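Subject: A structure to look at, with notes

Dear colleague,

I am handing over a structure that I would like you to open before reading any further.

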Amino acid sequence: MAFLVIEKGANADIGKLFVLEAGGSVIGRNSPDSNPDVLINDDYVSRKHAEVKQVGDDFMLCDLNSKNGTEIDGRRIESSKLFKLKHDSVIGLAIISGEARVTLRFKQSGETLPDDSLEASGDRKKIAWLRIDDKSKEVWIDGKPVAFSKKEYTFMWLLYRKAGQVCSRDEIIPAVWLEAKDPGGISDAMVDQLVHRIRQKIEPEPSKPRRLQSKKTFGYILV
């Protein structure tokens, strides 16, 4: 598995993770006639700015004739040509005055998500860095107690019980926002804010989340 993490850009985007599809993942700005796989909130990014696709065992980046250009590790790339990405490569989008307005880091799970991040216990998977006592409502991260609000705890407990599985927003909202008479009134932004707060508490590097991952259009997964 390979994915991109937004490291620079709009505040609401930083830390978002997008899993890359073997058939190709388009990076771009959302618009009425464009719905990219990797959504960037920046007016200088083209609607279909670039694409990452798998070719054999490699992941390749192609600029889709964007208006403001694309770079890899600080080097501008030509449009319509494939360029190989390496683990930890930095993709720059919208090069204005010599500087990328948005940067994404390319990761491959073989190096970023070690096999021991999940410890198997029978048919049940246990998160190695996390322990939750539901009776006392206490949470330990890397062996240290960490305080969680009621909503944060409820969300973590839901993810913990489904460790290694995607938890959809349709599951998260009614479980966490019990007081909501209309679950449809809970916006994506409210869920994203909750995820952001939790990442600040559980991630070694919150700007580069690898424990609480987002799966575009599907939900979240704890690894």
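This is a predicted model: local features need pLDDT of at least 70, side-chain atom pairs count only at pLDDT 80 or more; totals for chains, interfaces and linings use all residues.

Lys-150 is exposed, with a relative accessible area of 72%, where exposed means over 50%, buried means under 20% and partly exposed lies in between, with a 1.4 Å probe and protein chains only.

Residues are numbered from 1 along each chain as its sequence is written, and side-chain values use heavy atoms, with hydrogens and water left out.

**The protein as a whole**

There are four helices and 18 strands in the protein; helices (H or I, at least four residues) and strands (E, at least two) are DSSP runs, numbered from the N terminus. A compact globule of 223 residues would have a radius of gyration near 17 Å, and the protein, with 19 Å, agrees with this; the radius is taken over C-alpha atoms, and the globule rule is 2.2 Å times the number of residues to the power 0.38. Taken along the principal axes, the C-alpha atoms fill a box of roughly 60 × 40 × 30 Å. Buried residues make up 44% of the 223 residues. Of the contacts (heavy atoms within 4.5 Å) with a separation of 6 or more, 45% are accounted for by residues 24 or more positions apart.

Helix H2 has twelve residues and reaches 17 Å from its first C-alpha to its last, close to the 16 Å expected at 1.5 Å a residue, the expected span being 1.5 Å times one less than the number of residues. Its buried residues are Glu-152, Tyr-153, Phe-155, Met-156, Leu-158, Leu-159 and Tyr-160.

Two packed helices are described by the angle between their axes and the distance between the axes. Axes here are lines fitted to C-alpha atoms, for helices over the stretch in contact, and angles run from 0 to 180 degrees between N-to-C directions.

How do the axes of H2 and H4 cross? The axes of H2 (residues 150-161) and H4 (residues 188-202) come within 10 Å and cross at roughly 80 degrees. H2 and H4 are therefore roughly perpendicular to each other, since angles of 65 to 115 degrees count that way, whereas those under 35 count as roughly parallel, those over 145 as roughly antiparallel and the rest as oblique. On the H2 side, the contact is made by Lys-151, Glu-152, Phe-155 and Met-156, and on the H4 side by Leu-194, Val-195, Arg-197, Ile-198, Lys-201 and Ile-202. These residues divide into six nonpolar, no polar and four charged; Ala, Val, Leu, Ile, Met, Phe, Trp, Tyr, Cys and Pro count as nonpolar, Asp, Glu, Lys and Arg as charged, and the others, Gly among them, as polar.

The axes of H3 (residues 169-176) and H4 come within 12 Å and cross at roughly 80 degrees, so H3 and H4 are roughly perpendicular to each other. Here Arg-169, Ile-173 and Val-176 of H3 meet Asp-188, Val-191, Asp-192 and Leu-194 of H4, a contact with four nonpolar, no polar and three charged residues.

**Some buried residues**

Val-195, placed in helix H4, counts as buried at 2% relative accessibility. Not counting residues up to four places away in sequence, Val-195 touches Phe-155, Leu-212 and Tyr-220. The C-alpha atoms of Val-195 and Ser-214, 19 residues apart along the chain, are separated by 9.3 Å.

Ser-214 itself is found in strand S17 (residues 212-215) and is buried, with a relative accessible area of 13%. Leaving aside neighbours within four places, Ser-214 is in contact with Leu-17, Val-19, Arg-199, Gly-219 and Tyr-220.

Glu-71 lies in strand S7 and counts as buried at 13% relative accessibility. Its C-alpha atom is separated by 5.8 Å from that of Ile-91, 20 residues apart along the chain.

**A loop residue**

Most residues other than glycine have a negative phi. Asn-65, however, has a positive phi near 55 degrees; this residue lies in the loop between strands S6 (58-63) and S7 (70-72).
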